[in-house]
Amino acid sequence: MVTTDELDFPKNLCVLGIETSCDETAVAMLKDGEIVGEKVIFQNDLHADFGGVVPELASRQHARAISDAISQTMEQSNEKGPERTVDAVAVTYGPGLAGSLMVGVSAAKALSVAWEVPLVGVDHMEGHLFAGTLFTSIKLPSLTLLVSGGHSQLISVQAPGVYEYLGGTLDDAAGEAFDKVARLLGLRFPGGPEIERLSQLGDATKITFPRGLKGNSLDMSFSGLKTSVLRYLERCPSAKAEDVAAAFQEAAVDSLVDKVSLALKKDRYRSVVIGGGVAANTLLRSKVEILCRKAEVDAVIPPKYLCTDNGAMIAAVGAFRLHAGFVSPLDLSINPSLSLV
Ligand code: KG4
Ligand code: ZN
C-alpha cells in the first residue's frame, strides 16, 4: 500500500527496469515488490586505462550487452515464479551519456511494442532516490543525499514524487572527486572502491585535508579537496598512498555528513536516505547511521549493490509512476541533462 506519509512503490505490479545511463548495462524484473531477476554487465575493464568513462566505448558496449542482460533477467524471473504478464517497461531516459541512454531507451521501446505494455521513462536520480524503497518504505518528510559519479545533491522529499532541491555541489560530484584522487594515486577506475580498499591500510589522522564549504549553506564543493590532495602529493612525493587515501576519504565523507547534519538542524525529517554509488562507501554509511541515531531519525541505507547503478531502482520508480497514471509516449526522447529538481 502506498501512503502519502511514506515513499514506496506498489507491490502488485510486474515491471522490467532498464538502466544504461553511464557504464553499467543493468536490467531487473520487479514482481510483487521482489527482485525476481536481474543482471548488471559492468564495463570497468573497458574504461580502466582511460581513468574515466569513454562515452563512445560505453554506448558500443551497451549495444553489445543489452540483449544478453534482458534475456538473462527474463530467464531468471521465469525460474522464480509463474509466468505472468509484465505490466510495464521502465527505462532511464536521463540524465546521462546520450549514446548510452539511447541504447536502453531503444530496447525499452522495442519491448513495449512487442509485449503491448506501457513504456515509462524514468529519471536516473529518482531511481537512486527510490533504491531504499526496495527493502523498506521511507518515512516522509525525508532528507535524501544523492551522491554518484555525476551528482551530489541534498533533496527533501515532502510527499511521494514531490522533491525540493536543498543544495548540491558547486563543482565536482563526490564520486568524481573519488575517481580523480584515485587517478592521482595511480589507482584504477572506478576510484571509489579502490580508495576505500586502500584506506583500510592507512591512517587517516596522519594528514588533514579541508572539509569543503563551511557556513550555513547546504551547497558542497569537492574541487578544493582534490587540489589539496594534488598539492600534498607534489610536496610529499614519498607519502604513503594508504594514508593519503584514508585522509581524503575521511575529508570527503565528513564534508557530506556535515551537510546532512546541517540540513537536519534546519528542518524536521523522519528519515535520512542515501543513494548513488558513493553511498556504497562503508565510512559514509557508518557516519550517516551514527548521525541519524543521535538525531533520532530513521537511517535508510540500501544494500551496496542497490547504491550503484541497477535496473531494480528504475523498475521501482516505473511501478510508482505507472500507478500514478504516468505513461511515456513511444517517441520518448532521451534527455542527457534531465534534472529531478
Ligand atoms: O551511481 P553510480 O554507480 O553511477 C553514476 O550514476 O554515476 O556511481 C558511480 C560513482 C563512481 O564515481 C564511483 O567511484 C563511486 O560511485 N563509488 C564509490 C564507491 N563505490 C562506487 N565511492 C566511494 N566509495 C565506494 N565504495
Ligand atoms: Zn547512478
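At what angle do the axes of helix H5 and helix H6 cross, and within what distance do they come? I shall begin with that pair and then turn to the sheet. Please bear in mind that this is a predicted model.

Helix H5 spans residues 174-184 and helix H6 residues 191-199; their axes cross at roughly 65 degrees and come within 7 Å. The crossing of H5 and H6 is left-handed. On the H5 side, the contact is made by Phe-178, Asp-179, Val-181 and Ala-182, and on the H6 side by Gly-191, Gly-192 and Ile-195.

Five strands form an open sheet with mixed pairing, in the order E4-E3-E2-E5-E6. Its edge strands are E4, residues 34-42, and E6, residues 119-123, each of which pairs on one side only. On average, neighbouring strands of this sheet are turned by 20 degrees against each other, with direction ignored.

Consider next the pairing of E3 with E4. Strand E3, residues 24-31, runs antiparallel to E4, and eight bridges join the two. Within E4, Glu-38 is the bridge partner of Ala-28.

Two helices complete the description. Helix H11, residues 311-323, packs on the sheet and touches E2, E3, E4, E5 and E6; its direction makes about 130 degrees with that of E2. Helix H3, residues 98-115, lies across strand E2 (14-19), strand E5 (88-94) and E6, and runs at about 160 degrees to E5.

Methods:
Residues are numbered from 1 along each chain as its sequence is written. Chains are lettered from A and ligands numbered from 1 in the order in which they are written. This is a predicted model: local features need pLDDT of at least 70, side-chain atom pairs count only at pLDDT 80 or more; totals for chains, interfaces and linings use all residues. Side-chain values use heavy atoms; hydrogens and water are left out. Two strands pair if DSSP finds at least two bridges between them. Helices (H or I, at least four residues) and strands (E, at least two) are DSSP runs, numbered from the N terminus. Axes are lines fitted to C-alpha atoms, for helices over the stretch in contact, and angles run from 0 to 180 degrees between N-to-C directions. Contact means heavy atoms within 4.5 Å. A crossing is left-handed if the near helix is turned anticlockwise from the far one by less than a right angle, and right-handed if clockwise.
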